[in-house]
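Subject: Structure handover

Hello,

Here is the structure we talked about. Please open it alongside this note. My findings follow below.

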Amino acid sequence: MTDYYETLGVPRDASAEQIKKAYRKLARELHPDVAGEAGEERFKDVARAYEVLSHPDKRQQYDMGVDPTAPGGGAGGGFGNGFGFQDIFETFFGGGGAPSGPVPRARRGQDALVRMDVDLAEATFGAKRELQVDTAVVCGTCAGDGCRPGTSPKTCEVCQGRGNVQRVARSFLGQVMTTAPCAACQGFGTVIPEPCPDCSGEGRVRSRRTLTVNVPAGVDTGTRIKLTAQGEVGPGGGPAGDLYVEIREKPHEVFVRRGDDLHCTLPVPMTAAALGTVLDLETLDGPQEIDLRPGTQPGQVVTLKGLGVGHLHAGGRGDLNVHVDVQVPTALDEEQTELLRSLATLRGEERPEPRLASAHPGVFTRLRDKLSGR
C-alpha cells in the first residue's frame, strides 16, 4: 500500500493544517502548467494522497490498513461535471473565489467631468460662476435604499444572507467545495421585493442642479477644478464621486495671452511716433497711460508691469506688452505733401541711399524680440 504520508512529506501525526499546507506546496510545484508532463504522475499521486489524508473517515481507514482509493474502497476517480483544475486552485489557493461575506449595496459613484467657458477677464482676476450639471443624486423617494416606501430589503432565501453559495463537486480529490456569488441576490445577501417606483431599486436618479464654482485667477484652457463629492452618487445611495470642471478660455478680440503675459498691438501715427506722445490705452484694469518717447520705432514694445493674468495659486500677475504699430499715411493732400518734402529736404532724405539691414540681428535685438514674445 502506498505511503501517503511519505508522498506528502508529513509525519503520521500531522495535523489537518499541516497536510493542507504540504499539499498546497507540492501542488504548486507539480501542476502540469508548471512541471509539464514530467510532473503529471507525481501530481496525481499527491492529489490522491491528499484526498485520503484530508478526509477524517478515509484517513482513519487508511491508518487501519485499508486504502479507500483502491477499487471497491469507496472513493471514485475522475472529474465531476463542470469541475476542473481551476476549481481546485480557487478552493485551495484562494484564486478568484467569492468574497467571504455579502457585498454592500451602497458603492461609491463615478467621477464626472464637465467643461466651462470663461472669458479673459475671469481668467485674469478669478470669478464665481454658477454651473448647471446633470448627475445622479440620491433618490428622494426611497432615500437611497431602493425600496418602495414602507418596505425594506429581505434576507435572500437562497444564500441566507451570506451573499455567496457553496457547491460540492466530485473529482479525483474526492468531494471538493467551491464558493461563488449568489445569483439570486448578486452577492448582496438581500433582495428588494418591492423596488422604489422612481429609481427602480437603484437608490439614485438623474437630476439637474446648480453649483457655484470658484474660478481662481490664472486658469487657462485645460485647467481642471476639482469639486469634491459633487460627482455621480453611487448605486444604493452610495457616496458621490468627484466633479471636475475643465476650463476653456474664450479668445479675446484685443488681447492675446501667452502664459501669464498679455500682448496687444497699438496703432500709432507716424508723426506721433516721431515726436513722442502720451496715449490712453483701455486695459482689463481700465484706462492706462502709454508714454511714447520721441523716435518710437515700429515693433517697439512698451511693457506695463503687473497688468497681465494672475498667477495660478500664487501671488502677482504677468505683464501687459504693448506692440507699437507705426502707421504711414497713404492719402496726403497737397499741403501735407509739401510739408513732408520740406522735412525730407531738411533731413537730406530726398533720395536716401539704400542700405540693407543685416539678416542676423544683434544680441540686443534678439533679446528684445525674445522678451516681447516675437
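Is Gln-160 buried or exposed? At 52% relative accessibility, Gln-160 counts as exposed (buried is under 20% relative accessible area, exposed is over 50%, partly exposed is in between, with a 1.4 Å probe and protein chains only). Gln-160 sits in the loop between strand 3 and strand 4 (164-171). Its phi is near 60°, a positive value in a residue other than glycine.

First, the ground rules. This is a predicted model, where local features need pLDDT of at least 70, side-chain atom pairs count only at pLDDT 80 or more, and totals for chains, interfaces and linings use all residues. Residues are numbered from 1 along each chain as its sequence is written, and side-chain values use heavy atoms, with hydrogens and water left out.

Overall picture

The chain has ten helices and 15 strands (DSSP runs numbered from the N terminus: helices are H or I with at least four residues, strands are E with at least two). Of its 374 residues, 33% count as buried. The accessible surface comes to about 22700 Å², and 50% of that belongs to carbon and sulfur atoms (Shrake-Rupley method, 1.4 Å probe; for residues, only the protein chains shown count as cover). Take the contacts between residues at least 6 apart in sequence: 66% of them join residues at least 24 apart (contact means heavy atoms within 4.5 Å).

Confidence

The average pLDDT is 84, and 82% of the residues score at least 70 (pLDDT is the predictor's confidence in each residue, from 0 to 100). Watch residues 73-98, where pLDDT stays under 50. The model has 60 contacts beyond four places in sequence for that stretch. Where pLDDT is low, the predicted coordinates should not be read in detail.

Strand 8 and strand 9 (residues 243-249) run antiparallel and are joined by four bridges. Arg-224 stands opposite Glu-246 in strand 9.

- Strand 10 and strand 11 (residues 261-269) run antiparallel, with three bridges. Arg-257 has Leu-262 in strand 11 as its bridge partner. The two strands form a hairpin with two residues between them, and Gly-259 in the turn has a positive phi of about 70°.
- Strand 11 and strand 15 run parallel, with eight bridges. Val-268 has Val-326 in strand 15 as its bridge partner.
- Strand 14 and strand 15 run antiparallel, with four bridges. Val-301 stands opposite His-323 in strand 15.

Asp-325 is in strand 15 (residues 320-327). At 34% relative accessibility, Asp-325 counts as partly exposed. Leaving out residues up to four places away in sequence, Asp-325 touches Thr-265, Leu-266, Pro-267 and Val-268. Asp-325 and Pro-298 are 27 residues apart in sequence, yet 5.3 Å apart in space, C-alpha to C-alpha.

Glu-122 lies in helix 7 (residues 120-125). Glu-122 is buried, with a relative accessible area of 17%. Its side chain makes a polar contact with the side chain of Arg-129, at 3.2 Å (a pair of N or O atoms within 3.5 Å; within protein, one must be able to donate a hydrogen and the other to accept it, and residues adjacent in sequence count only if both atoms are side-chain atoms). Beyond four places in sequence, Glu-122 touches Asp-117, Ala-127 and Arg-129.

Ala-143 is in the loop between strand 2 (127-138) and strand 3 (154-155). Its phi is near 60°, a positive value in a residue other than glycine. Ala-143 counts as exposed, at 64% relative accessibility.

Best wishes

Key: Pairing = 2+ DSSP bridges.
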